[in-house]
Amino acid sequence: MTVPHGGRSTSVTAYRGAAAGLPALCAGRRPLVVASDRALRRADVHAWLPAEAEVFTEFHPNPTVEQALEAARLRHAWGADLVVGIGGGSALDVAKAACLLPRDADAAGQVVAGTLDPAERVTLLLVPTTAGTGSEVTQFATLYQEGRKVSLDTPHARADLAVVDPALTDSCPAELTWSCAFDTLAHAVESLWSIRSTRRSREHAVAALERLVPVLRQAGAAPDPAERDALSRAATDAGRAIDITRTTAAHALSYPLTSRLGVPHGLACALNLTWLAPLVEAAGADEILDPRGPGAVEAALEALRAACGVTAGGLGPFVTELVTRRMPATAWRRPDADTALVDQLVAEGMSSNRMAGMPITLERARVRAGLVSALGAAPARTEDACYA
């Protein structure tokens, strides 16, 4: 057992081939590895794990609090002194929870809710096999409870070590690759326009976009190794940005799209950008919520336009063009989403604390119209007065 490391930053090793150093990092330890079966194969984990090791695979994409608690209980029972998360964002998020949650469900719930600090944690090593979430450098994890997203958000969830090897993403299917890249895009965009942005967060976000946008624009059906290297660097840059600012409405409204409709997370975020970006660009001074004033929002938009290579009013169409080029319509079109379901998506999304970072006011009617447009769903009936 080690003491929680508070606000210390993650030590990141990032280059193609970096995974070769994993055996040395695990040698002499008693690790618990959190990974899917696919990730175990991709990282050839069983070839280098020490004999004293345990593996947890009993979780699914968009993992639940209960699955995270099971991983934590295994860590306690095994007496692990190291948790290694290998995989996409779901695996890394479960690993974060496993390294610090107590065995008791009530106490674990309080830690997830932020009302109780973890009493202990062990060393945490994260190894992404996708390029998008940036979870390897953030202090939060996304879990679900009864279909609704909850956040474990504490400095104690930040990894001690991260190994970012783009070669581990080489076998990632194209559709998953692009959805993850859209997650990076949303992280960078939302961090830049967030009311919590700082000079440092903006630098990270712009660096991410400068690496990401050329790949999204110019790559073939699937990126080549050099392009995957750029995607991995961009994901970590954008992760560092949102670790400072958190995300905003595009993410807040993406979670119900994923949990209720099965839209892949990164794609769901990008769909929301298609209609949110025009609203931010068109906002008048009386709609600005950023305490630094309209000038701060315009500066963020100028940085976004420069990084994306578009002119005023072009951010929404830019994202729309990328989404339609990179992802099949079947991945997001939900014309059968009825009024009640859309209302539920709006209510759940707007209740998220991530909405608080938006630089402009967002009325419920605008949010509903945006989701309807993105999904190709039926508009509200005229008798639905609450959205009129």
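A: Searching the whole structure turns up 3 cavities of 30 Å³ or more. On a 1 Å grid over the protein atoms alone, a cavity is a set of points where a 1.4 Å probe fits but cannot get out, a pocket is an open set with protein on both sides within 12 Å along at least five of seven lines, and lining residues have an atom within 4 Å of a point. Grid points are joined across faces, edges and corners, and a volume is the space filled by probe spheres set on the points. The model is predicted: local features need pLDDT of at least 70 and side-chain atom pairs count only at pLDDT 80 or more, while totals for chains, interfaces and linings use all residues. Residues are numbered from 1 along each chain as its sequence is written, and side-chain values use heavy atoms, with hydrogens and water left out.

The largest cavity holds about 50 Å³ of space. Its lining consists of Val189, Leu273, Ala277, Cys308, Leu315, Phe318 and Val319. By class that is 7 nonpolar, no polar and no charged residues; Ala, Val, Leu, Ile, Met, Phe, Trp, Tyr, Cys and Pro count as nonpolar, Asp, Glu, Lys and Arg as charged, and the others, Gly among them, as polar. At least two residues of this lining come from each of H12 and helix H14 (315–326), and H14 has the largest share, with 3 residues. Helices (H or I, at least four residues) and strands (E, at least two) are DSSP runs, numbered from the N terminus.

The second largest cavity has a volume of about 40 Å³. Thr130, Ala131, Thr169, Thr177, Cys180, Arg228 and Leu231 line this cavity. Two or more of its lining residues come from H7, and likewise from helix H9 (225–245). The classes here are 3 nonpolar, 3 polar and 1 charged.

Next come the open spaces. The largest pocket contains about 870 Å³ of space. Its lining has 39 residues, and those nearest its centre are Asn62, Gly88, Gly89, Ser90 and Thr133. The elements giving two or more residues to this lining are helix H2 (37–42), H5, strand S6 (140–145), helix H7 (174–193), helix H11 (254–261) and helix H12 (265–282). H7 provides the largest share, 5 residues. Sorted by class, the lining of the largest pocket has 14 nonpolar, 20 polar and 5 charged residues.

The second largest pocket has about 200 Å³ of space. Of its 14 lining residues, Lys149, Val150, Glu348, Ser351 and Ser352 are closest to the centre. Strand S7 (148–153) and H11 each give two or more residues to that lining, and S7 gives the most, with 4 residues. By class, the lining of the second largest pocket has 5 nonpolar, 6 polar and 3 charged residues.

H5, named above for the largest pocket, also belongs to the surroundings of a sheet. That sheet is open and has 6 strands in the order S1-S8-S5-S4-S2-S3, with parallel pairing; two strands pair if DSSP finds at least two bridges between them. Helix H5 (residues 89–100) packs on the sheet and touches S2, S3, S4 and strand S5 (123–128), its direction making about 170° with that of S4. Contact means heavy atoms within 4.5 Å. Axes are lines fitted to C-alpha atoms, for helices over the stretch in contact, and angles run from 0 to 180 degrees between N-to-C directions.
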